[in-house]
Amino acid sequence: FIKDFGYSYDYVFVFRVYGEGDSNFNQSQIKFTMGNIIERLLNAGLEARYFYSCQRDEIYVKVRAELKRLKTEASRINYRLQLDPDRLRAKSQLGKKRQGEFVWKPIVIVDEFKLTALKPFEYIFSAYDLAADSDGLYKMYPALNNHKHIFRAVDRINLILSIIEGNVNSQPPGAGLNISKLVAEHVVLAAFPLHDYDLLKSLQRKWLDLHSPPWMQPIEAIKDYFGDRIGFYFHYLGHYVEQLIIPAVLGIVIYIIRTVYSRPENVTMPFFAAFMMVWATMYIELWKRKQVTAAMKWGTVGYQKDEQDRPLFDGIQIQSPVNGKEMTHFPEIAKFTRTKLTLTAIIVMVDGVLAIVASIFYFQLVLSEP
């Protein structure tokens with residue numbers, strides 16, 4: 001598989017090995033046995049391999065998918081991928097003809113006056129399309145054994161998760177498994193993506209450098225390996241540390257001045273306070289610019305992920321009045337009842353605290369009298 005595709009297993013489920021005397025199972029554990037889950041994964045077009053741990057008290061089920069299945073899922077969910085700027089430019093400059101006439105005319109963009117550091121056709125994303133893939137328009141990423149694919153490791157994991165959680169009645173079928181709920185209800189001990197150690201070592205060489213400042217992190221490599229959310233997190237940390245340098249240095253200078261003159265207050269403090277107000281505003285505004293720029297470069301502008309229910313969210317299955325899809329609904333009457341009980345308990349606790357505080361002041365007043 002590695003020789004043919006350049007990657008291996010991307011996800012794993014961990015199951016507990018039960019003894020003969022174990023019989024206290026909940027409904028989810030009875031319904032979703034390991035055999036049932038593996039069967040669902042195979043029916044969804046995934047490949048699975050399972051084996052015991054060294055202590056033989058756990059079973060690991062590793063999961064992967066062939067490129068064809070990943071592309072089918074990417075097409076089904078309109079998965080966004082980055083287009084290769086050079087191939088896109090060449091395709092755009094040719095235009096498209098049908099029966100001798102242009103369907104759309106050639107597109108030629110030249111930044112003659114260098115108005116932006118970004119080149120035309122850079123950082124353009126599109127939902128996966130088989131025709132665009134056939135034309136080789138998507139950006140390629142290196143894999144093992146000199147392979148190149150349009151999917152990064154994080155893309156494969158996202159698509160595998162989409163297949164695992166997809167509806168069994170869709171075309172092609174998904175596995176119909178809610179991973180968070182399976183973990184919360186102890187059907188599986190854990191479920192997590194696997195590291196690609198070749199890519200991880202490459203990232204470590206770029207990232208774990210003691211001589212590089214925090215704002216010079218390889219953000220693009222971090223994003224490509226861990227995903228957009230983790231990429232944004234470390235991008236923000238780098239910005240945060242960078243912006244703290246000026247107030248930190250200025251604060252040291254103020255401290256030295258206060259120490260030299262041996263006064264707790266001096267004329268520099270009002271100016272330092274005014275500077276910090278301006279700095280706080282600039283700090284936020286500069287991050288907004290960096291965030292929007294990164295969102296544009298990473299193809300996350302306008303991207304909204306469907307909110308997932310909490311694993312222990314309890315409700316009834318109804319049809320959504322918006323799109324007709326099945327959704328979990330918590331009745332308003334039950335919600336109002338629980339809210340009322342919660343507020344009552346909070347009010348009682350607050351009243352109790354106020355009564356205790358008032359009692360303390362009262363006894364202090366009584367004991368202080370001669």
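Two strands are taken to pair if DSSP finds at least two bridges between them. In this predicted model, strand S11 (residues 316-319) and strand S12 (residues 326-329) run antiparallel and are joined by four bridges. The protein as a whole has 13 helices and 12 strands. Its radius of gyration is 29 Å, well over the 21 Å that the globule rule gives for 370 residues, so the protein is more spread out than a compact globule.

**Overall dimensions and surface**
- The C-alpha trace spans about 105 × 75 × 50 Å along its principal axes.
- Of the 370 residues, 28% are buried.
- The accessible surface amounts to about 25,800 Å², and carbon and sulfur atoms account for 59% of this area.
- Among contacts between residues at least 6 apart in sequence, 63% join residues at least 24 apart.

**The S11-S12 hairpin**
- Six residues separate S11 and S12, which form a hairpin.
- Gly 324, in the turn, has a positive phi of about 80 degrees.
- Gln 319 is placed opposite Glu 326 of S12.

**Arg 156**
- Helix H7 (residues 153-165) contains Arg 156.
- Arg 156 has a relative accessible area of 5% and is therefore buried, the cut-off being under 20%.
- Beyond its neighbours within four places in sequence, Arg 156 is in contact with Tyr 7, Asp 10, Leu 70, Phe 151 and Asp 196.

**Trp 215 and the nonpolar patch**
- Trp 215 is located in the loop between helix H9 (197-207) and helix H10 (219-226).
- With a relative accessible area of 37%, Trp 215 is partly exposed.
- Trp 215 contributes to a nonpolar surface patch of about 660 Å², together with Met 216, Tyr 240, Val 241, Leu 244, Ile 245, Val 249 and Val 253.

Methods. Residues are numbered from 1 along each chain as its sequence is written. This is a predicted model: local features need pLDDT of at least 70, side-chain atom pairs count only at pLDDT 80 or more; totals for chains, interfaces and linings use all residues. Side-chain values use heavy atoms; hydrogens and water are left out. Patches are made of residues with over 30% relative accessible area and no salt bridge: like charges are joined within 9 Å, nonpolar side chains (Val, Leu, Ile, Met, Phe, Trp, Tyr) within 5 Å. Accessible areas come from the Shrake-Rupley method with a 1.4 Å probe; for residues, only the protein chains shown count as cover. A salt bridge is a side-chain nitrogen of Lys or Arg within 4 Å of a carboxyl oxygen of Asp or Glu. Helices (H or I, at least four residues) and strands (E, at least two) are DSSP runs, numbered from the N terminus. Buried means under 20% relative accessible area, exposed over 50%, partly exposed in between (1.4 Å probe, protein chains only). Contact means heavy atoms within 4.5 Å. The radius of gyration is taken over C-alpha atoms; the globule rule is 2.2 Å times the number of residues to the power 0.38.
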